[in-house]
Amino acid sequence: MLNFSSFVQKAQQLLDPVQGLNLSESDRNPSKASLFQSQFRLPSSQHPLYEITAELTIPPANATQGDRDRDRGHQYAGKLHLSEAFLCFSTTPSSFLQSATTTTSSIFTGQTHGGGPGGNGFTFPLCSIRRVERLHSQNFQFALSLSTWNGISQDAAKEKDKKELREQRVTLQLAGNRQACERFCDGLKKGLRANVGMVAKLKKVTSECYSEYLLRPEDKKNAAPPDAGLGMLFKYPGDPKKLRDRAKMRLWAEYLRDNGRNTTLIRQPTFHKLIRVGLPNRLRGEMWELTSGSIYLRLESPTLYADTLAKFSGQESLAIDEIEKDLNRSLPEYPGFQSEEGIGRLRRVLTAYSWVNADVGYCQAMNIVVAALLIYMSEAQAFFLLSTLCDRLVPGYYSTTMYGTLLDQKVFESLVEKTMPILWEHLVKSDVQLSVVSLPWFLSLYINSMPLVFAFRVLDVFFVEGPKVLFQVGLAILRINGEELLDATDDGAFISVLKSYFARLDESAHPKSENPKLRAVTKFQELMVVAFKEFSGITHSSITELRLKNKDAVLSNIENFAKRTAIRNLGPDSKLLSNDELGALYDRFYTVLYERQQRDHIIKQEQARRNKNSRSRIAEASEGDNVEKGRVGLGPSTSLMDYDAFREFLAGMCKWAISDAPSTPQRDAFAEKDKGFYGSFRRADTVLSPWGAGPEPAEHEFLQRLFQKWDTDASSALTLQKVVSGLAGIKGKRDIMGAINYFFELHDDNGDGKVDREGILRMSEALLFLSRRGLEGTLSPSNSSVALGGENANGTQGDVQPVSERFLGSVSAFIRRCFEYADPDHPKNQDHSVREVQQKSESTLLDEPAGEELANPDAFAIGDDDDEDDDEDEDDEDDLLAMDSPTGSPKTAAKKFGNSPPTLQLNSTELTPGADVDTRRRVSKAQSEKANIALDPSNPLHITLPTFRMVVLADELLEQFFETSFPASFHIIEGLTTTPTSASSLTTFSSLGIGAGRAVNAALGTGQGTPGGGPAGGAGRGLRGVLDNIVTDGMRVAAEVRRRMEEAQKELEKNALPETQQQQRGAGAGGDDEEEDEDEDGGFDRASTRSGKGGGAAYRGDAERRSVRSSDRDLLTGADAEASDVALAGVGDGVEGGAASGAGSSSVNTAGGGGGGTGKVVGVEFDG
Amino acid sequence: MADSNAPKPSSSVKLVLLGEAAVGKSSLVLRFVNNDFQENKEPTIGAAFLTQKCNLPTRTIKFEIWDTAGQERFASLAPMYYRNAQAALVVYDLTKPTSLIKAKHWVAELQRQASPGIVIALVGNKLDLTNDGAGNGGDVDAGGEDSGDARKITTEEAKTYAEEESLLFFETSAKTGYNVTEVFTAIANAIPETSLKTARGPGASHAANRTEEQRVNLNGPRDPSAKEGCAC
């Protein structure tokens, strides 16, 4: 059985070997851009464009700041980076230039280690910069003076207010040669100009920040404060006094006054300290937004939240149902969430997010996290912060498979093992699963594990320093409780220890200490110290490394589980298939979807590269990062298979579903990967073909029908469930009647139990389509030929024919018999839709890429003569029909399809040269008359299931086809391990030319004149070519029949002459003979090569043939007359069709045949 | 610390609760363990762990209850919790047809993936929302305000299924407390004697003493006979 995850892995490598194991693009081999974005917490639209070493000088603070260095202010050496919309400075020396090594671009200092705004510096949106001046300076140095919009509201920009304002101004000394400096400045100038339009947006965004209110000018003291969360209405959790909220607020006000607020804030060492001691309630939301970088998302699309709500207002979804269930139980102990106000906010934020990120939707625990956020921030702020959480801070935590959560549990476990080996050993020995306790910590960011006030303190640090904080805190908890945990020997005891610890976080860590200072230290403070001091070695990069290491195991666990569950829940139909089959189907289904998404992703990236301008916002942030989108373990973004994917899916396991187009790379994706060839394929290759490395799937009406049939609710998409049910219908029943019924239903468009004329033709087309690469399953080769032998005493058929070849005969006979036994419709019932359908399908056919070689018109004689009216009685007719009649000399091994629409004269036979053209004509005329009866659209007919069944069972080969071959053609488990046959080895009716060589071509080209050469040549050159031709020709015939039906209809409309019809009804007895002769003449061909072989199968029941009658009556003279024209037209079509489909050499033959000029022979090729 | 007044043999049984979100898994446990009910119970994140003992006439069963999260996407975590479980409570909501389908999925999963011989009880919760709920409710204020019958799954339907799969079957109301204890008692009685292990050693009970949870310690001889009577 195939292993899905190994596919996926290989598929990844196929796409990009370097990325084989990446969690996302930005991990193992992160791009400079993603490092840059993550260091400054910028949206994914930002790229490092320019950078330069610089020195930042922050002017001395206000006079009140006596303790600062008044003369020089603060100076920091670092790097200045410019992106499309941001100017960032950091004392971290990392470089994001293309030329920089990965090491230099991932050098991190400070607490964040690249996981957040590290070091000192700033992240200014360009639109927040009000003015840039170049300062005159000594030493040829470049110095820029930057002033910002900090504290300057639009109306305050007036002169008189300005005096009161302390304009924020910093100086940057660029270090570098003149060129480099100028280049940077040019870039900056351009950027500033481009971002001027954003200023208004910025003002709107910052106006929602509490700092603007906190630092508001005197004259606005009465302004209403911006929304700083539910806490303003329902009080913030905790005792403000105990939290020393006022003191914190004062400190922050001072810091912000000196260093800029919200977007213009400059990070100095005090900033990080202030965060560590805990944020004041009203600034908490804003600082979370700022440090996490979600404010930049809000800046990019300030109205996204409101727009999303408006856009989806009133719509329903599964996520919404799930959200509703949890609204009343999210932090229910907080009064705000016992009110409609709080619940309403929670509902809106969760709902809006479930719309913008439908892949995640809603996950329990998000309600708790968002509820916590909403205590401190507005809805829009919480919305963007949630987005930052899901995409950047805790990726995959809330996805449908929660792979991020599970992965981080593994990472956490390995950290425990490494840092606390004794405890770890104890856990293993006691069979305690650590993640049972720790999983909720991570998933809800400690919010419902610790008392809220402490959880928020953890969050304060988490938003600046990133996910590693969760690990540090978790490890510290275990370390502090280590002794007691070592006493716990089961899950219950283990949990109890920790529960009681959390409940006493506010107590003194050292209650018995003599030292009052030590006594004052709470358990929570102790926890923070242990977390950040003792576990300071846990960094962003060490976490990343461990994630990469554990990722595959975690994903394949999830995938195995998902697979097991999915298979188990497939419903009763799935019982018809074996477990192995179901497993393989599951793998195939998701592999196809996954690979298609990968290709799609790459193609899109290509496009994006081309038109760089178009960048969307949040959505892209997630998409851009997740190269593995679609992998089951990550939460497949789709589990629906569209029609194209369906074709690809079938092409992986059915020979017949592979296109015949010569351009198809003849490789089988599965086989190939198993052999390990993937390494040699580059991304480029894969991109070239929309089908990836796999074979190009065929397009055929049969596939569409199958798709529709399986798509039981007509949603144009298949779920795994539908695929399984569909396949169970074919493979599962394991009885022939089931298969026959299935096939019939497939063609019973309106489900009325009848298949009309058109449908019969389609059935035969489908049969040919399915068999063109040969039949599979157990076929008894002898039977039909024995039967044939009996009929054709002459012995040309002594040899056992290849099954595929005989199958063509069977199909021919099938059509004939269907028409023989068809029931007439009541005229009134006739529906014009038939014709419409047929036209439609015809055009489809022409469009199809599949065509192989051009049809060789000679393959079929569609007789048309208008001059003869032989009167015949039914017996004659029967004789006529009896192609295999003994009269048939050896020459006559022809397969004919009596009054089948006739026209299906596969002139299979004879090598006998010497064709009498006249005879031929006569015969063909008779044929066409009959044909026309069958074709006459005014004379509708249909077959019912019993008829169909009878017809199928009448032919041994068809019977076997339905019994074994068709079901067996779905190689669910093993796939197609052999290279699919190339076009040239198809079993088709198409020209001999390919297989049989020139001689034959020549013979064909010249028409019936020299058919004699054919057989020998053909035989000599190999049967293959012959076989090729057979099927194609059959298909061609069917198409021609269709064409003729239309013609006939036209003619009918023009001048319907009932009497003529009568006359024509019976073709002359002589005609039969002639017909045979004709065949001989026609003898030409390849047909002859296959000669008797094919012929026989078709001709078993004479009796059947005799029964044909009434329906034959209405031959249309006119139609006959038309026929020759039609024939010519047909040739034309054949050529076109062939050309369109890029078919090869055979087109020559087709043309030749047409030119051969009997005009009777037509080949229209349709889908191979 | 060992209870000297418990001469009866005691064993711990790991029990896991599974079922769709918001069918009342946690509420059933809360009723069983604390005889309490909360209208708006926070959704379980991951899983919650509680213990409760159940006194049978001849022995004491200490349930170690793993209450799991119900949302679909948490399903992949479930194996972590039902690992080694000797009993499972698969809960559905009498008023929600989809929850029974989900319950069936869980039963199928348990039958294939969990320890062989696991005792499974199918429990239809929220009986207080149906007409028969009010009358039968053992506790006081059964859903009197809901005069309408919100039942969507008939007793017969669920019962038939339970019989086919050889499951214990109950309809309960965590809100009124109706039938809740009975479920656990029935499970306690159904646990085959052979699969019972003695409670863990003194270390466990030492730790347990820190919690309010009741724990019983015992290493006495086992009494093979098990009868009704769960005193909780």
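Me: What should I know about the origin and numbering of the model before reading it?

Reply: This is a predicted model, in which local features need pLDDT of at least 70 and side-chain atom pairs count only at pLDDT 80 or more, while totals for chains, interfaces and linings use all residues. Residues are numbered from 1 along each chain as its sequence is written, chains are lettered from A and ligands numbered from 1 in the order in which they are written, and side-chain values use heavy atoms, with hydrogens and water left out.

Me: How many helices and strands does chain A have, and how many does chain B have?

Reply: Helices (H or I, at least four residues) and strands (E, at least two) are DSSP runs, numbered from the N terminus. Chain A has 54 helices and 13 strands. Chain B has seven helices and seven strands, in the sequence order β-α-β-β-α-β-α-β-α-α-β-α-β-α.

Me: What share of each chain is buried?

Reply: A residue is buried under 20% relative accessible area, exposed over 50%, and partly exposed in between (1.4 Å probe, protein chains only). Of the 1168 residues in chain A, 62% are buried; of the 232 residues of chain B, 57% are. Accessible area itself is computed by the Shrake-Rupley method with a 1.4 Å probe, and for residues only the protein chains shown count as cover. Chain A has an accessible surface of about 41,800 Å², with 52% on carbon and sulfur atoms. For chain B the figure is about 9,200 Å², with 49% from carbon and sulfur atoms.

Me: Which polar features join the two chains?

Reply: A salt bridge is a side-chain nitrogen of Lys or Arg within 4 Å of a carboxyl oxygen of Asp or Glu. There are three salt bridges between chain B and chain A. In the one between B:Arg83 and A:Asp431, the closest N and O atoms are 3.1 Å apart.

A polar contact is a pair of N or O atoms within 3.5 Å; within protein, one must be able to donate a hydrogen and the other to accept it, and residues adjacent in sequence count only if both atoms are side-chain atoms. Ten residue pairs between chain B and chain A are in polar contact, both at pLDDT 80 or more.

Me: Where do salt bridges lie within a single chain, and are the partners buried or exposed?

Reply: The search over all chains finds 39 salt bridges. A:Asp587 and A:Lys563 form one of them, with the closest N and O atoms 3.1 Å apart. This pair links helix 29 (residues 579-610) of chain A, which holds A:Asp587, to helix 28 (residues 540-568) of chain A, which holds A:Lys563, across 24 residues. Both A:Asp587 and A:Lys563 are buried.

In chain B, the side chains of B:Arg151 and B:Glu171 meet at 2.8 Å, N to O, and both residues are buried. By contrast, A:Glu507 and A:Arg504 form a salt bridge at 4.0 Å, where A:Glu507 is partly exposed at 35% relative accessible area and A:Arg504 is partly exposed at 31%.

Me: Why is helix 34 of chain A described as largely enclosed?

Reply: Helix 34 (residues 701-710) of chain A is largely enclosed by the rest of the structure because seven of its ten residues are buried. Among them are A:Phe702, A:Leu706 and A:Trp710. The cover includes helix 31 (643-651), helix 35 (720-732) and helix 44 (956-968) of chain A.

Me: What surrounds A:Ile943?

Reply: A:Ile943 belongs to strand 13 (residues 941-944) of chain A and is buried at 0% relative accessible area. Beyond its neighbours within four places in sequence, A:Ile943 has contacts including A:Phe744, A:Val755, A:Met763 and A:Ala822. The C-alpha atoms of A:Ile943 and A:Ala822 are 4.7 Å apart, although 121 residues separate the two along the chain.

How values were computed:
Contact = heavy atoms within 4.5 Å.
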